[in-house]
Every structure is written in structure tokens, then in C-alpha cells.
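Hello,

Here is the structure I promised to pass on. Please open it and keep it beside you while you read. My notes follow below.

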Amino acid sequence: MADDDYGSSSYHTSSFLSQFRGSAKLSTKQYFLLWCRYDVQRNGYLTRKELEMFLAELLMVTGDIHFSREDLSQMTEGVLTQFDNNNSDCLEMWELTEIIPVEENLLFKFRTQTAITGPQFTATWRKYDPFRAGLMEACDIHDFMLDIIGTVCDMQQITRSKLTELTRNVVEILDLRVGSKVRMADMAFLLNVDSTFMNCIKNGDRLSRSEFGEFFDHYDADMNGFIEGNELMLLMGDLMSRFGIDLNATTLADTLGNVLDSCDVDGDGKINKEELALLFSHIDPESYIWEMSAKEGLLLWCQKKTAPYKNVNVTNFHTSFKDGLAFCALIHRHRPDLIDYNHLRKDNAVYNLQYAFEVAEKELDIPIMLDANDIASTMRPDERAIMTYVSSYYHAFASSQQASQAANRICKVLNVNQENETLMEEYESLASGLLEWIEHMIPWIDQMREQRASSISEVKARLEEFRTYRLTVKPPKTEEKGKLITDYNTLQTKLRLSNRPAFLPSEGKLINDIERAWDNLETTERGVEQHLMSELIRLQRLEHLFARFSQKCDSLAAWITETKAFFKKDNIAEADLNELLGKIKSDDAFDTDMGIHRERLDQIANLAQDMVQQGFSKAAEVAARSQAMNGLWENLLVARTKHREDLETARETQEKIDTMRLEFAKKANPFNNWLEGAREDLLDTFVCHSIDEVNSLVTAHEEFKACLPEFHQIFLDIQQLQQEIDVVATFGSNPYTNLEVDSLGTKWNELLQLIPQRDQLLQDALVKEKKKDELRKTFANHANWFANWTAEEQTKISESTMGPDLSLNEQLAYLGELLEEVEGYKPQYEELENLNKMIQNEVIFNNPYCKHTMESLNVSWEELHNSVARQKNAVENQILVRDSKGINEEQVKEMKSAFDHFDKNDDGRLDHFEFRACLVSLGYNVDTEEHLVNHNADNDRHSDFERVLQMVDPDMTGQVTFNAFMDFMTQEASDMDTAEQIIASFRVLAGDKRYITPEEIRRELPAHQAEYCIARMSPYEGHDAVPGSLDYMSFATALYGQSDL
């Protein structure tokens, strides 16, 4: 074999393609498995080298294991020439299907005909991966495919069947099971998402904030906050491709090393967002000077201004200035064109001092007040003289003080903005946690309703578990929900008071969304307890049916065994004629008995079918027992048929009619059947749930006792008949029946003994049901009182019984007392819970004395708490507005009176027409009603009212709350910062320019606030822009909600 022969034994034995040998066409899953084997880089196509590997293994599978490299190269060239339709010198996935037969599927067509960009795919993915774990539930694939199709193509072209087929293809390829998850990288590969994201930047340009965020998120595929491993290699490959660098193993390693050396600050081999930003920008924070006392302020001013300079450490006004570098640094900081600081030396003090004094005198008009030789040679120079001279520098650079004041105003505004952002993040976190808990609990509650229990103990355990959830788990979440709403209202009030735009939570986390989710939870809870009680009754009924079934099976099996034994011991061969005739007639009488017992067999089958259909836990045992009874019956029929045939054979020779014995049999057999049926009825168990049901059983039992004299007479007739037979027949037995008067007498006496036992059982059941009825009445009395009390408390709150003369603080105190009063009734509520538990333990299903359930009383209790809390929150917000706006309570009451006058439905909100009417009543010049209907008549006035609505109803819900109304009425009286003031402050820092540079911001603001501004300012695009200039005007207006920044 030649040296360049590819056919080696290792290749041959481990050939990946051998598993597909014998397949006429590859399935979708097989084809993608094959593709991933050879598409090593997961870029959606096979390079020439990857194609050679595929062709080599293909030849080995077909049996040709001897081929040279030259043969393989020629074959690769031939394949590319014939099948590379777009001349890309590589083979794409759909092109390979022309070589390998693959079953038709819609996913291939979708990949080749649809282009999905990285941002489109990422935006859609995040809807189904809210925690950015890089994973999606398998059950969400159908909805994900629907969204991604709606993003990239016309939905009218996709039918329901095509969408279902696409979803099935994805599930089949990824081999998904119920409960499994899909990785983001796998889904992106299947859908052929464009992996090159470099077209969003140009060489030499900076990325905007939004572009940079999308850039980082694109390469952070698993969303763990780092670009690492394959993500980092993909980024390097795209960077090199973008900037025209030859991509090979050496250049890729060199480029990766250079990038990590320049931006991997912590040396962990990974790049986070801050480290990636070093590729596009540089961070150089400046300091800021705070207002202090004269000496401390001057010293701090010197320290801040000289901080960036080496060999300068100003701690006092004597020794720190001996070497002259501090003087030179102060001049260079404000006028770098006057001092060449880099050529100064610390050991040349006299020169440094004289240099600074001469420059200050010549260029800054600061007279020379100090002697350079004196300062350099004195161990501790005169502090006051140096301080006086330094103050001349401070006054010479007085414009810096003006910039300092402007910086103070900016810092104040930024502090407020940062505090508000912290509150918003806390709201988002709390809302997310509550929504996740609700999403977790709803399936759990649904499972309790939908999953059928197999035993009574299991149902009782579920009842206890649900009661624990309602009394222990849910109340803290109810309080958490109330706190979330209260915090949200307080945050909105603070934003309005600071003249900031209203807070709009992220999608799906609005108060309405939380209320909707909470309503879904409570809707799911409804009926769970009733369902479990129904399950308990169903299982008890099944247990009762099983007891009846077992009793009937035992009774019938005993009769069949007894009858078969009789057939077996009957000696027909030695019987005389009378005996044979008697046996024949007895056999005729046996048909009646067979029919009666056949009905019992049918009853057993019906009971078994009923228990199986209702999902009884012992259904298999019941079915087997029923089948066994059918087998016994069939055996009985065979024995009875043989016995009849033997009688008919002997009948030709022996005949004798025994009328009296026949008559006895005809009377005794029905009487015996009645005895057995009556005995079964008296021993039958029962379960009652009301007094009426017990009374019904008592009535039936009394009717049974009323017919006893009639059957007693029948028994006396049978006795009389037996006496007559005994007189006539001197030998043999009755051939027509095996019944005897003694056995019938025994059964009759046993029946008479069972009757008083049945009486006692029914009386005990009646007493028990009366006790249950008393428990129903007790619960009804407590429940009706509690419901009336909660309704009265709600009336107190809704009618505002606090009185119009109470101050806001008094109202707040009153509401606190009312809340304590409500808490004082908690023992009554707990007593109701105990009564409800007793009712459930007694398996009491309905209560005709009460229309209230524990579930509805629980809702009333929670609503009462929430009503007091909402009213208290409203008063607290009024106090907050009063104190922050500087208005008195009379003004608050006046505005409250006007608001209540137009709040026709007393819901604490005005619609836009009611709000306009309220403004008119207070003397504001706003649009008329006809103007609002025909708003084209005066666009300016209409736009004024629209701007007012934007302030009081930023979410455009169509409703204006009292807090928003008060904010609007009092906002003109407050002295608040405005966007124009902030723009003027930035203009001072910028030296009257229309833009500001990062260096100017860092020089005057604290480091963390300087970087906050720089990160959020847009580049300035005016004709006078310089490199790196920033637009402070759009930034200031954005702080007050006046732009789309």
C-alpha cells in the first residue's frame, strides 16, 4: 500500500458511516447526525478538507479501502464542480442532499429559503429563556417556531400542518422527551442562523450602547456574562474575517493572545462586557471637589487638582510645597500650555519654585510673594504665606468654582436618578419572584384536581396538604403582593415629586399582570376542596360496592358448590320409579332456582363493571373474581345437563308421581329463596349522608316487617304439608328438593333475630346524622355572623366613617386602629377553620343552612385586610405629597373634595372627561367637550390637554388617580430641578460649548458619576464636533422623560 493510501484499518473499523449501511434513504435525524459529524466548525457547510474526510469514509463503507490522496483530491474536486451550485468552494447542507438520499422534510426547505439574523433569533429566544440560562423547555418549541416564522416571513404562507411538521422535525432531530430542554446553540444551528455579527460595526468607528449590548449578547450564546471557549473562538474568527486577516491556526492563536493581553484584566481567559469595552473605548476617571471650609477647601482643592501628577502629595501648606512641583502642577492643571511639567525634577527645588513664580507673574498676573531660596532652605516654610499665595492661584482660576457648582447640581440629579433605578430593580426582582411562585403553584393545584386518588387515605392527605397551603403558604405571599403594590405606588409618587417620568415595569410585570396572575391562582383554587370531598365520597361508595360484591360472590359460590355436590351424590341407578319421577320433577323445579341465581350472577357482573369503570384500585381483583364466578356457573350448567340426561334415560322403566312432595318442593324452594334474599338485605351495609337517606332506609325496613305475617303463614303451610307427607311416605326422601322443614325453621328463626339488629343499626345511623346536622347548623351560625361582620367592616371603609374634620395624620391613626380591630377578630376566623375541619373529618358534603363556604369567607377576610391597607396607603401618599409640596391640609381637602365630586362611581379614579371637568371647575382653561369630540378645531389647545394627560396618565389607561391629580395641581408650587437647569450646568462645565468631552466630565465629577454620564451620553454630531465629544443636551432631557434616549 502506498504511503498516501487513506484506507487504514483504524479508519475502516471506526467508520462513522457504517451505521447507515442498508438505508434506502436517511431519516431527518440520521442526516443531521451525519452532518454534525463532518461539519466540525458548526458553520453550516463542509470545507474542502471536511469533504475529503467524508468522501474517504464513504469509500471505505462501500468496500474500496485502497485509494491515494491524489484520488481523493480528484474526487473532491469533481463533487464540488458538480454540486457546489453557488461556487463557494464548499458544500452546504442542502447541496449534500443531492449526493445522499434523504427523506423529504420541511426543515431543509426552511433552512435554505429563510434567512434569520443573529439579533432576530436572540430576541425571539429570550421570550422563552427569561433567566438567560441558554436553555428552553421542549414544550415551548411549537410556540417558538411560530414566533420565529412570524419574525422572518409572511405568516399567511405557513399553514398549521406545516408548522406542526417543522416542530416535529426539530423534536425528532434533537431526540427530545417530555421535560427535556433545548440548548440555544443547537437551535441556532438547526435554523441556520447567521453567525457573523461583524456587519454591525465599521473599522475605526465606536459602537453605540445598544449596538455594543447586541454585539456582546450575540457571542455570549449561553448568556452567562462571559465570552469563553467556542464563543471566544467564533468572535476571533469573525473579527479576523471582518478586518481581512488570513484565518489559520497560527493567526487565530496570535490574534486571540493579543486580544486577551489587551483586555483580559483578571487573566481568567474569559472576556466580560467591561473587558470587551476596552477594545472600543478607554476609561480615565477624574475627581471632583466638594464645598468645605476655607482652609480645608483650599487644601482639598490643591489635592484634587494635583492628584494625577507624579512626585506631588499635598498634605499641608508648608513642606508639601518645598520642592515647587505642587505650584507647577497647579498651573499645568489649568494652563498646560504654560508649564512643561514632564521636564521638572523633584531634586531641583529652587528652579521649580522660581519657574512657577515667574510664570504666574508673567502669564497670570500673580505677583511674586515668596522667595524661592528661602522656601527651599527652610525646614518648615511659613504656612500662612504659602496659603495666601496659593489662594491667589485659586482666585486666578475662579472659573473652576463655577464649574464646581454646576457639577454639584448634576451630582444631585444623578443621585436621585440612581436611587430611583435601585427601587425599580427591587420592584422587578420582587415581581419576578412572586410571578414565579404563582406559575409554580398553579400546576400543583391543578394536579390535585386532575390526578385521581387511589385510596381514601390519599384523598384525606391531599385535603390536609391543601389546607396547609391555604393557611400557611399562601398568607405570606398575600402580604408580599400587598407590599409590592404599596412599594409601586410609593415609587411612582417619588418619581412624580422629583419631576421624573413614571416607572413602566418590564413586559409581563405590570401591576395588572400581577393581579391577573393572582386571579388565575385563585380561580385555580376554586373548587379544589369540593373536588377532593367528591373524590372521598366516590371512594367510600366503591368500598361499599366491593363489600356487596364480595358478599354476593361468596353466597353464590356456596350455592353452586352445594348444588354440584347434590348432583354428584344423587344415586340414580339404584332409585325406584317414584324416586326417578321425583328426581325429574325436582330437576324441573331447579330451573326456577337457576333463574334466580342467574340474576345474582348478573348482579355480580354489573357491580364488577361499575367498579372497573370508576377506576377502583382493586379493579383487577374484582375482574378476576367476576370471571371466576362465570367459570363456576359454566361448570354447574355442565353438571346439571348431565344429571338431566341420566334421569331421562332411566325414566322409560321407572315412573311414579309423588304429588305431595312435588307440592312441598314448589312451596319450599320459593320460600327458601325469599329467606335467603331477606337475610342478604338485612346484612347489607349502608352509608348515609343525610337524615333523609336514613329515614328512607327505616321506611323500607318497616315495610319489610309488615309483610312478615304473610310469609309466616306460608311457613306454617309448608310445615302442615310436611306433616302430611310424613304420614303417607314410610320410606325414602323427597326427590324434588333437599330442603327440610327444620332447615327452613332455622333460617326463619335466624331472620327473626336479624330484624332487631337491623333496627339498632338504623337508629345508630339516625343519631349520627342528627349530630352531623347540629354541626352544620353550628358552622352556619358562625359563618353567617362572620360574613355579616366583614360586610359591615367593608361598609365602614367604603363610607369613610372617619369624618371630614379629621387631619391626614388622624386619618392614618384611625386606619391603623381599624387594622388592629380587624386583627382582633382573627380568633373567630380560626374558630371557623376548626369547625370546617370537623365538618370535613365527618365527611359532611353539603350544608343547607348556610350559603357561605370556608373558601368564600377566606376571600372576604383577605379582601378586608387589603381594603384597609389600600386606604392607609392612599392617606400615606397624601401626607407624602403634602409634606414634599409644602401645602396645607386645607388645600389637600379642597382638592380631594373637587376630585370626589367628579368621581361618580367612587372608585378613586377619574376618566379623561371627568378629569377635564374637574380642571374646569378649579379655573383651568382646558378644552370644551365639543372640542374633544372634534379635536381638529384647535390642535394647539388639544395638544396642551394631551400633554397634561401624559403627566397624570403616562400609561394611557384612561384613568387618573387622586395621587396623580394632586401631583399635577401642586407641581408648579415646588422648586424642582428641570432639564433646562441641568443643560445650563453642563454648559458651564463645557465652557459654553454645545458639547462636552469625557476629560471635562472626569475632571469635575466624582469617578462613579462621571462614568455614569459618559456611558449614557450619545456622541455629539454637530458640525463643530471633535473626536470623542458627547451630547449633554439629549442626556439632560432624557433624565426628565423628554426624549427617547
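**A helix on the inside**

In helix α37, the buried residues are Phe962, Asn963, Ala964, Phe965, Met966, Asp967, Phe968, Met969 and Thr970. That is nine of the nine residues in the helix, so α37 is largely enclosed by the rest of the structure. Threonine 961 caps the N-terminal end of α37. One of its side-chain oxygens lies 3.3 Å from the backbone nitrogen of alanine 964.

Keep in mind that this is a predicted model.

**The whole chain**

The chain has 1045 residues, and 43% of them are buried. It holds 41 helices and eight strands. Take the contacts between residues at least 6 apart in sequence: 73% of these join residues at least 24 apart. The accessible surface comes to about 55,400 Å². Carbon and sulfur atoms account for 50% of that surface.

In soluble globular proteins, nonpolar side chains tend to be buried together. Now look at the cores in this model.

The largest nonpolar core has 43 residues. Leu51, Phe121, Trp125, Phe144, Met145, Met187 and Leu191 have the most contacts inside it. Which helices each supply at least two residues of this core? They are α2 (28-38), α3 (48-61), α4 (69-83), α6 (106-113), α7 (118-128), α8 (141-152), α9 (160-174) and α10 (184-190).

Leucine 191 is then in contact with Leu107, Phe110, Arg111, Ile116, Phe121, Phe144 and Met145.

Another core, of 36 residues, lies apart from the largest one. Tyr309, Phe321, Phe357 and Tyr393 are among its residues.

**Aromatic rings**

How many aromatic pairs does a search of the whole structure find? It finds 29. Here are two of them.

Phenylalanine 327 and tyrosine 389 form an edge-to-face pair. The ring centres are 5.6 Å apart, with 65° between the planes. Phenylalanine 327 lies in helix α16 (residues 325-334), and tyrosine 389 lies in helix α19 (residues 383-396), so the pair ties together parts that are 62 residues apart in sequence. Are these two residues buried or exposed? Phenylalanine 327 is buried, because its relative accessibility is 0%. Tyrosine 389 is buried too, with a relative accessible area of 0%.

Tyrosine 351 and tyrosine 355 form a stacked pair. Their centres are 5.6 Å apart, and the planes are 20° apart. Both tyrosines lie in helix α17 (residues 349-363). They are four residues apart, about one turn of the helix. Tyrosine 351 counts as partly exposed, because its relative accessibility is 46%.

There is also a cluster. Ring pairs link Phe317, Phe321, Phe327, Phe357, Tyr389 and Tyr393. Phe321, Phe357 and Tyr393 are also among the residues of the 36-residue core.

**Two charged residues**

Go to lysine 270 next. Its charged end sits over the ring of phenylalanine 226, 4.4 Å from the ring centre.

Then find aspartate 773 in helix α29 (residues 741-798). Aspartate 773 counts as buried, because its relative accessible area is 13% and the cut-off is under 20%. Which residues does it touch, leaving aside its neighbours within four places in sequence? Aspartate 773 is in contact with Ile691 and Tyr849.

Best wishes

Technical notes. Residues numbered from 1 in each chain as written. Predicted model: local features only at pLDDT ≥ 70, side-chain atom pairs only at ≥ 80, totals over all residues. Heavy atoms only, no water. Phe/Tyr/Trp six-rings, centres within 6.5 Å; stacked < 30°, edge-to-face > 60°. Buried < 20%, exposed > 50% of the residue type's maximum accessible area, 1.4 Å probe, protein only. Lys NZ or Arg CZ within 6 Å of the ring centre and 35° of its normal. Contact = heavy atoms within 4.5 Å. Polar contact = N/O pair within 3.5 Å; in protein donor to acceptor, adjacent residues only side chain to side chain. Core = buried A, V, L, I, M, F, W, Y, C linked by side-chain atoms within 4.5 Å. Areas by Shrake-Rupley, 256 points an atom, 1.4 Å probe, with all protein chains shown as cover.
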